[in-house]
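This briefing covers one structure, shown below.

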Amino acid sequence: MAKFLDILKYFRNYWKISLFSIAMMSLFEIIDLSVPYAIGQILNVLSGQPLDRVVQGGVTAIAQLGNFEMTQTFTLTSLLILVGLISVGRAPIQPWLGPWFAWDTAFRARRDNAEAALRKVLTLPLEFYDENNAGRIAARVAKGLSNHTWTFPDLTSHLLPKFFRVIGIFAVIWFIEWRIALLLLVSFIGILAFNLSGLKRLSQQEERLDKYMEDTESRTSEIITNIKTVKAFATETSELKRQQQRLDREFKVLDYRIHKGYVILGTYERTIVQSCVFLVFALTVFATAQGTISLGHFITTFTVASMAYAEVEPISQFAEFFARRYGSMIRFHEFMKLPVGVDASSLAETPEAVPQYQFTGKVEFSHLKFGYSADRPVLKDINLLIEPYQTVALVGRSGSGKSTLVKLLFRYFEPNQGKILIDGQDIRRLDVSGYRKRLAIVHQEVDIFNGTLLDNLMYGNPNATIEQVREACRIAQAEDFIKQMPAGYSTIVGERGVRLSGGQRQRIGIARALIVDPDVLIFDEATSSLDYESERSIQLAMRSILGTRTLIIIAHRLSTVREADKIVVLDQGNIVEVGSHDELLQQGGLYQRLHSLQETGELLA
Ligand SMILES: Nc1ncnc2c1ncn2[C@@H]1O[C@H](COP(=O)(O)OP(=O)(O)OP(=O)(O)O)[C@@H](O)[C@H]1O
């Protein structure tokens, strides 16, 4: 029940209008019942039997009011006008009070929930994205959102009004013959209880299947992302086979278990309903034959009871739709309840609302300890002072913790012990968005968004002038190749920048970082994947940035870091050596060993 209420909460902003819409739709459903009742009364008039007291009183009152003669024709006309008013009169009003509000609310809630989901995406911790790929997350959110949207109108303009209609039917029959009403009530409760228990079981299976399907979709998304590797290793057939097996398993569960379950449920339900209709028919026939009820009441009771049982099918159908969608709505809810990351920014209303900082670029790591899991420390008691405008290189074997140190500087993770200070302030005390705006990083793989080169260059600073962009591109050695592009800065680069080479992407990354004019600029193996010529131009770019701000360079190729003021050698999470290139070579430690391996090319040794 808690879960069901959780789903309803996604529409809580619109509860007043929803209640109004449900009330109006229910009212229409109930008023609708007076039509078969009036027809029953017409039949009584035509067959010379007396009208019900209430109806007789109403018609007499109208006759007296309008000074009409109380004839059979007048009674019939009054009843016909009532039927006409109800059936024709409500037709143009009903769609505006029911479906309009139901869908309007569903669309408004969809907008709100999509925005809330995006907020969640933007504030979830980085670990979440390490464990869940884009395909899985996108499928979960999209499915949850669309199922919420479809379910709301079903619930408010069909399922609930139908319930009230059944209650109305029960009241009408009770008024005519309480024993038939009782039979109706008992049979209804029985059918619904049977239905609900079946649906609960099936919706649990749907939820399990939903999780399984997310894994399949996640793999499809990985195939798309890694398509070059798939093609290069010629694994298309095995990938297809693997997914075929999963899809086949999904089909079997969906078709032979879940769908079959719904059909079996429907079979029982229909048989029970038809038996009940038949029983009511038989009872009313006997009651009419014995003179307990009039012919008109026989028609009314049977018509209304048939209407009541006819509602079982749509009610069960909407309940079935709900059960089919319930699993993915719950998965969406679980996603929305995931705890946000410690680094979650407050998501200010406008970019201007983010606090503006300016630092000299003095960075200090003080007694820093960190591990991704408690039992495996990755950084052990790191102490390092970087002065403003200094260039510091972080080197060391793969896995020694260089990138992790930078992740902590960006506050993607919190240290287990110790702290990081910028200009003497603990970075945890600063607004995370405002603080990060003063840092910039160039990764080995530069993320490019679909759009023009200019959009990508100005991503971190949309207020930059074209002169600033040009200057940054000149420093980053990107100007020449941009000029040769078909539309210069307006060239569309394609999703993930497919139309750019690795070196070009890298230079765009550097220019983009420079346009932000950061206080601390970090190169995380920015040249590792480049050819010699591209590496040279990136090195030239780096050289012209030296001394203009604090620079942290992570590099495997030691030729890149020669000119750094300070080279810091990390090994198994510890700083083992610090010094300039020449000092470290003279020390004859790890740096010297790594250097000589690269110089002599004896990597295999
Ligand atoms: N998201 C993560 N979850 C768990 N462990 C991680 C994660 N990222 C890195 N590690 C582990 O932390 C250790 C340090 O990784 P890190 O990426 O900082 O090393 P690195 O020195 O930058 O290596 P490389 O030079 O190969 O990039 C490694 O043992 C790695 O397996």
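Helix 14 (residues 402–409) supplies the largest share of the shell around the ligand, 3 residues. The model is predicted. According to an unreviewed UniProt entry, residues 19–324 form "domain: ABC transmembrane type-1".

**Ligand surroundings**

- The residues around the ligand are D130, Y372, V378, G396, S398, G399, S400, G401, K402, S403 and T404.
- By class, the shell around the ligand holds 2 nonpolar, 7 polar and 2 charged residues.

**The annotated domain and transmembrane regions**

- Residues 19–324, the span listed by UniProt for the domain, are 90% helix and 0% strand.
- In the model, residues 163–194 are 97% helix and 0% strand, with 16 Å between the end C-alpha atoms.
- Residues 276–299 are 79% helix and 0% strand, and their end C-alpha atoms lie 17 Å apart.

**Helix packing**

- Helix 10 (residues 178–225) packs with helix 12 (residues 236–289) at an angle of about 170°, and the two axes are 10 Å apart.
- Because of that angle, helix 10 is roughly antiparallel to helix 12; the cut-off for this description is an angle over 145 degrees.
- Where helix 10 meets helix 12, the contact residues comprise 22 nonpolar, 9 polar and 7 charged.

**Helix 4 and the residue after it**

- Helix 4 (residues 53–66) is made up of 14 residues.
- From its first C-alpha to its last, helix 4 reaches 20 Å, close to the 20 Å expected at 1.5 Å a residue.
- N67 follows helix 4 and has a positive phi, near 60°.

- An open sheet is formed by 4 strands in the order 2-1-4-5, with antiparallel pairing.
- The pairing of strand 1 (residues 363–370) with strand 2 is antiparallel and runs over 5 bridges.
- E364 has L385, in strand 2, as its bridge partner.

Conventions
Residues are numbered from 1 along each chain as its sequence is written. This is a predicted model: local features need pLDDT of at least 70, side-chain atom pairs count only at pLDDT 80 or more; totals for chains, interfaces and linings use all residues. A residue is near a molecule or strand if its C-beta atom, placed from the backbone, lies within 6 Å of it. Helices (H or I, at least four residues) and strands (E, at least two) are DSSP runs, numbered from the N terminus. Ala, Val, Leu, Ile, Met, Phe, Trp, Tyr, Cys and Pro count as nonpolar, Asp, Glu, Lys and Arg as charged, and the others, Gly among them, as polar. Axes are lines fitted to C-alpha atoms, for helices over the stretch in contact, and angles run from 0 to 180 degrees between N-to-C directions. Angles under 35 degrees count as roughly parallel, over 145 as roughly antiparallel, 65 to 115 as roughly perpendicular and the rest as oblique. UniProt positions are given in the numbering used here, feature names are shortened, and annotations may be inferred rather than shown by experiment. The expected span of a helix is 1.5 Å times one less than its number of residues. Two strands pair if DSSP finds at least two bridges between them.
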